[in-house]
Amino acid sequence: MIASVKNSKGEELKNCSAIIRKGQGSVSLNLSGHKIKAGKYKLTVKAETLDGQKKTTTTSFTMKKLPKSKITNSSVSLSNGVGNVSFSISEYANVTVTVKSGKTVKQTVIDHAYSAGSVKASFSYGGYKPGTYSVVIKTSNSGGSKSATKSFVIKKKPVVIKKPTASGLNIKYLTGKDGDRVQGSFYYTGKNSKVVIDIMYNDTEEIVYTYTGKTTKDSAYFTWTWDGFKSNGFRCWPGSYTYRVYVVNSAGWSGYLRQNFSINFG
């Protein structure tokens with residue numbers, strides 16, 4: 001089965017293919033990362049059976065303009081050189097979070113799409129001088145943009161701690177009677193560092209699940225297995241995904257480790 005979505009100009013915005021068993025009646029085609037504008041669209045589904053029978057069906061639908069995504073419950077906390085940002089958004093939107101000193105951007109904490117709900121992220125302020133800083137949160141979608149700012153104060157420079165490292169991400173696809181799983185492992189240095197692992201759609205980089213853990217040794221392998229379920233409790237559809245890792249402590253953070261993988265249920 002092949003499904004595709006085209007706009008009123010006939011331009012294809014997204015397509016996907018899947019193997020459907022007898023009795024199954026739906027697949028998911030995620031359009032959120034394509035910044036869909038309000039207007040009319042056409043969905044075409046082409047199916048072919050194993051014995052060569054073919055059938056095509058089409059349907060039209062209208063996308064309404066999204067409301068601006070409101071930002072609520074925003075907060076910033078500091079602990080041992082690591083800052084934690086949390087907030088909620090009311091609609092799907094691309095989210096950017098930056099840390100600024102006056103008008104100067106010190107670092108970009110987030111720059112990707114999220115569905116409505118809570119968002120959390122961490123950043124290192126280990127190299128910052130004492131002073132007042134601001135965390136700027138911005139959302140944008142087809143309805144427009146919103147922003148919110150939270151300030152924090154560093155009274156004294158944190159104790160210097162060695163920056164953590166992460167390397168050698170390896171992905172294994174595991175099958176079993178309880179369902180398919182994806183296991184990732186990587187080598188790290190830096191005890192008591194925060195580990196963040198994101199599972200994302202490969203094409204849009206929308207995060208479907210986030211795991212947060214902590215290193216317990218000066219150096220070792222860190223392993224975490226994803227069961228294939230989104231944070232909302234629903235099983236992910238077959239397709240291409242990204243396993244992304246970073247490690248952070250008060251001295252800084254390791255660069256993103258990332259590897260693509262595919263879910264092939266059935």
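Which strands each supply at least two residues of the lining of the largest pocket? In this predicted model, the strands that do so are β6 (82-89), β8 (104-114), β9 (117-124), β14 (194-201), β15 and β17 (239-249). Among these contributors, β9 gives the most to the lining, with six residues.

The pocket itself may be considered next. The largest pocket holds about 810 Å³ of space. It is lined by 34 residues, and those closest to its centre are Tyr114, Ser118, Ile207, Thr210 and Ser231.

The structure holds 17 aromatic pairs. One of them joins Tyr187 and Tyr221, whose ring centres are 5.2 Å apart; the planes of these two rings stand at 65°, and planes over 60 degrees apart count as edge-to-face, so this pair is edge-to-face. The pair links distant parts of the chain, as Tyr187 belongs to strand β13 (residues 181-189) and Tyr221 to strand β16 (residues 219-226), 34 residues apart. The two partners may also be described by their accessibility. Tyr187 has a relative accessibility of 31% and therefore counts as partly exposed, whereas Tyr221, at a relative accessible area of 60%, is exposed.

Another pair is formed by Tyr211 and Trp224. Their ring centres lie 4.9 Å apart and their planes are at 20°; because planes under 30 degrees apart count as stacked, this pair is stacked. Tyr211 lies in strand β15 (residues 207-214) and Trp224 in strand β16, so the pair ties together parts that are 13 residues apart in sequence. Tyr211 has a relative accessible area of 24%, so this residue is partly exposed. Trp224, in turn, has a relative accessible area of 11% and is therefore buried, since the limit for a buried residue is under 20%.

The charged end of Lys106 sits over the ring of Tyr128, at 5.0 Å from the ring centre. In a further case, the ring of Tyr256 has the charged end of Arg244 over it, 4.5 Å from the centre of the ring.

Definitions and conventions:
Residues numbered from 1 in each chain as written. Predicted model: local features only at pLDDT ≥ 70, side-chain atom pairs only at ≥ 80, totals over all residues. Heavy atoms only, no water. Phe/Tyr/Trp six-rings, centres within 6.5 Å; stacked < 30°, edge-to-face > 60°. Helix = DSSP H or I, 4+ residues; strand = E, 2+ residues; numbered from the N terminus. Buried < 20%, exposed > 50% of the residue type's maximum accessible area, 1.4 Å probe, protein only. Lys NZ or Arg CZ within 6 Å of the ring centre and 35° of its normal. 1 Å grid on protein atoms, 1.4 Å probe; cavity = no way out; pocket = protein on both sides within 12 Å on 5 of 7 lines; lining within 4 Å. Points joined across faces, edges and corners; volume = space filled by probe spheres on them.
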